[in-house]
Amino acid sequence: MACSSCGVIVAVLLVVAIRYEVVGRFSNEGCDLFEGSWVYDNVSYPLYDPKGCPFIEKEFDCQHNGRPDSSYLHFRWQPSACNLPRLEGKRFLERLSGKSIMFVGDSLSLNQWQSLTCMLHRSVPDENYTSTRTGGLSTFTFRSFNVKVMFSRNAFLVDIVSTPEGRVLELDSIESGKTWKDIDVLIFNSWHWWLHIGRKQPWDLIRDENAIFEDMDRLVAYGKALETWANWVDSNVHPAKTTVFFQGISPDHMNGSNWGEPNAENCEGQTRPLQGTTYPGGRHPAELVLEKVIGTMKKPVYLLNITTLSQLRKDGHPSLYGFGGHRAMDCSHWCLAGVPDTWNQLLYTALIQM
């Protein structure tokens, strides 16, 4: 039986209360906002028209890039025991007035940052804004609210250092953390780039303490880097000032066997989500590593446990209608409007209750 409106509040409190326990597995006295299914809703979705978001990145604007179907725009995330509040952009900006919010991570953080700026712009279309980019830092400012929504590109969170021997991925160094200090809301993400090899791999060697490796098990390396990040948060974040989220693991859809379609080589031609509440391929291995690290932390970090709900959206990727067009298959990023809008609704739901 669905929760009443007060049940939504209980669910939200459960979301923001998660601190040391395994994230996303809540008491059955309330509601797990991350457990549910996708329902078709062509009345209230999409939450914005990409045409009305003049700063959207070309790689995410699938309709502009010629995607022939549009049903993927009209699916709404429905938690099993309650409703997910709709993001009210003006309320969000008023709540964060005078503050800064920063997404730190790879292009999937860019995906979520773009989604949030489009959603907020849709809510206050006449609001004056500025958008600047300096190096790897992009800043979108809603001027009358004095709110900065920022994106800092940092795929590994830990450092990559140039040496005479080559580019070294330093698993226990996090000098880039200087950029994150004094931000009011931090949303971290890292995973996508940990699997890259060959020309796409941006490092030549891995340093773990005093040992140098040409390579190592990527899940092991990821876990070590997350431990360094966790130590930075525990040592540098003051919860009274800064709220910390981790985006969770955004899945790709490059093997149809994982969702019960062995003849599907990737996400091309997928037009509908998987039905039900569970993903046939099971939990993502990086998700387990991430939860283990967060479970050891002293400072509160709130995990947006978006993995399963995103695994169900095999239809949500650009496929042939992203940055590379028909020259490249993109089953990792997400079309906008689309799945990252739900990630931001979950973020909003947590923030408005804090």
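## Charges over rings

A charge is said to sit over a ring if NZ of Lys or CZ of Arg is within 6 Å of the ring centre and within 35 degrees of the ring normal. In this predicted model, R67 meets that description, since it lies over the face of Y72 at 3.8 Å from the ring centre. The charged end of R313 is likewise placed over a ring, that of W38, at 4.6 Å from its centre.

## Aromatic pairs

The structure holds 17 aromatic pairs, and one of them joins Y129 and F140, whose rings are stacked with 4.7 Å from centre to centre and 15° between the planes. This pair links distant parts of the chain, as Y129 belongs to strand β4 (residues 129–134) and F140 to strand β5 (residues 137–142), 11 residues apart. Y129 counts as partly exposed at 30% relative accessibility, whereas F140, at 1%, counts as buried.

Elsewhere, W180, F188, W229, W232 and F246 form one aromatic cluster.

## Salt bridges

Side chains of opposite charge can pair when their charged atoms come close. The structure holds 13 salt bridges, including one between K224 and D208, in which the closest N and O atoms are 3.1 Å apart. K224 lies in helix α4 (residues 218–236) and D208 in strand β10 (residues 205–208), so this pair ties together parts that are 16 residues apart in sequence. K224 is partly exposed at 29% relative accessibility, while D208 is buried at 18%.

Another salt bridge joins R218 and D215 (2.9 Å, N to O); here R218 is buried, with a relative accessible area of 12%, and D215 is partly exposed at 39%. R283, E287 and E291 are linked in a network of salt bridges.

Conventions: Residues are numbered from 1 along each chain as its sequence is written. This is a predicted model: local features need pLDDT of at least 70, side-chain atom pairs count only at pLDDT 80 or more; totals for chains, interfaces and linings use all residues. Side-chain values use heavy atoms; hydrogens and water are left out. Rings of Phe, Tyr and Trp (its six-membered ring) pair if their centres lie within 6.5 Å; planes under 30 degrees apart count as stacked, over 60 as edge-to-face and the rest as tilted. Helices (H or I, at least four residues) and strands (E, at least two) are DSSP runs, numbered from the N terminus. Buried means under 20% relative accessible area, exposed over 50%, partly exposed in between (1.4 Å probe, protein chains only). A salt bridge is a side-chain nitrogen of Lys or Arg within 4 Å of a carboxyl oxygen of Asp or Glu.
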